[in-house]
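Please open the structure in a viewer and keep the sequence at hand.

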Amino acid sequence: EIVPVSELVNAAVEAFRTQRMEDGVDLTVEVSDGLPALDVDRAAVAGALLNLLQNAYKYSGPDNRRITLQVRGSGKGVDLSVEDNGVGIAPQERNRIFERFYRVDNLLTRRTEGSGLGLAITRRIIETHGGRISVQSEPGKGSRFTIHLPAGKA
Ligand code: ATP
Ligand code: MG
């Protein structure tokens with residue numbers, strides 16, 4: 001299914017906003033012009049993006065939460081990144097968080113609910129589409145997850 005990137009972004013952002021109506025979060029969405037359409041399972045990829053937004057929300061403190069969703073062209077495809085100002089992820093945890101049922105032990109994971117499946121599912125969805133997911137993080141400062149998806153054959 002050939003899908004404009006903006007539709008994927010809107011679906012994920014709308015679902016996120018619906019869930020988070022009462023709580024404080026400052027979400028900035030930046031989508032570049034002229035992005036290629038993607039040949040993807042719309043619901044699956046929007047769900048993957050939603051999980052990154054939910055994580056950014058859950059693993060940031062309750063005060064002064066800021067999340068930036070940025071979408072840019074990259075090579076022949078698209079990069080979608082979700083950046084937060086949350087707890088961050090230590091270097092030795094950065095591969096493990098993509099394992100099924102793995103949750104980092106910290107105050108915010110103890111205070112939030114989760115199965116530890118979100119990122120495992122997200123990675124599976126992205127790799128099934130020939131894409132990649134990566135993470136950069138600074139403990140105590142925040143994290144940035146980036147999904148790269150190749151352009152669809154329109
Ligand atoms: P689920 O998504 O299944 O409800 P979950 O959020 O715990 O549960 P994942 O989305 O797979 O599971 O994330 C795994 C773990 O990685 C989290 O429990 C958390 O410890 C860590 N993590 C994920 N995203 C972030 C983030 N943006 N900042 C800090 N830690 C994160
Ligand atoms: Mg999650």
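Is E83 buried, partly exposed or exposed? The model is a predicted one, and in it E83 has a relative accessible area of 35%, so this residue is partly exposed.

**First stop: the partner of E83**

Since E83 belongs to strand β5 (residues 77-84) and R144 to strand β7 (residues 142-150), the pair ties together parts that are 61 residues apart in sequence. R144 has a relative accessible area of 17% and is therefore buried, the cut-off being under 20%.

**Second stop: from helix α1 to helix α2**

Select R42 and E7 next. Their salt bridge brings the closest N and O atoms to 2.5 Å from one another. R42 sits in helix α2 (residues 42-58) and E7 in helix α1 (residues 5-19), so that distant parts of the chain, 35 residues apart, are linked. R42 is partly exposed, at 31% relative accessibility, and E7 is partly exposed as well, with a relative accessible area of 35%.

Move to R110 and D105. Here the side chains meet in a salt bridge, 3.0 Å from N to O. R110 counts as exposed, at 58% relative accessibility, and D105 is exposed too, with a relative accessible area of 61%. In the whole model the count comes to 6 salt bridges. In general, side chains of opposite charge can pair when their charged atoms come close.

At the start of the helix, show D41 and A43: a side-chain oxygen of D41 reaches to within 3.2 Å of the backbone nitrogen of A43.

Which residues touch the most other members of the largest nonpolar core? They are L80 and F145, in a core of 37 residues. Two or more residues come from each of α1, α2, β4 (66-74), β5, α4 (118-128), β6 (132-138) and β7. The element that gives the most is α2, with 8 residues. As a general matter, nonpolar side chains in soluble globular proteins tend to be buried together.

Center the view on F145. Leaving aside neighbours within four places in sequence, its contacts include L52, L80, I89, I97, F98, L119 and I133. S81 and S134 are also among the residues in contact with F145.

**Last stop: ligand 1**

Finally, select ligand 1 and the residues around it. There are 22 of these residues, and the closest are Y59, D84, R103, S115 and L119.

- Y59: an N or O atom in its side chain is 2.7 Å from an oxygen atom of ligand 1.
- S115: a polar side-chain atom lies 2.6 Å from an oxygen atom of ligand 1.
- L117: a backbone N or O atom lies 3.0 Å from an oxygen atom of ligand 1.

Notes. Residues are numbered from 1 along each chain as its sequence is written. Chains are lettered from A and ligands numbered from 1 in the order in which they are written. This is a predicted model: local features need pLDDT of at least 70, side-chain atom pairs count only at pLDDT 80 or more; totals for chains, interfaces and linings use all residues. Side-chain values use heavy atoms; hydrogens and water are left out. A salt bridge is a side-chain nitrogen of Lys or Arg within 4 Å of a carboxyl oxygen of Asp or Glu. Helices (H or I, at least four residues) and strands (E, at least two) are DSSP runs, numbered from the N terminus. Buried means under 20% relative accessible area, exposed over 50%, partly exposed in between (1.4 Å probe, protein chains only). A polar contact is a pair of N or O atoms within 3.5 Å; within protein, one must be able to donate a hydrogen and the other to accept it, and residues adjacent in sequence count only if both atoms are side-chain atoms. A nonpolar core is a set of buried Ala, Val, Leu, Ile, Met, Phe, Trp, Tyr and Cys residues joined through side-chain atoms within 4.5 Å. Contact means heavy atoms within 4.5 Å. A residue is near a molecule or strand if one of its heavy atoms lies within 4 Å of it.
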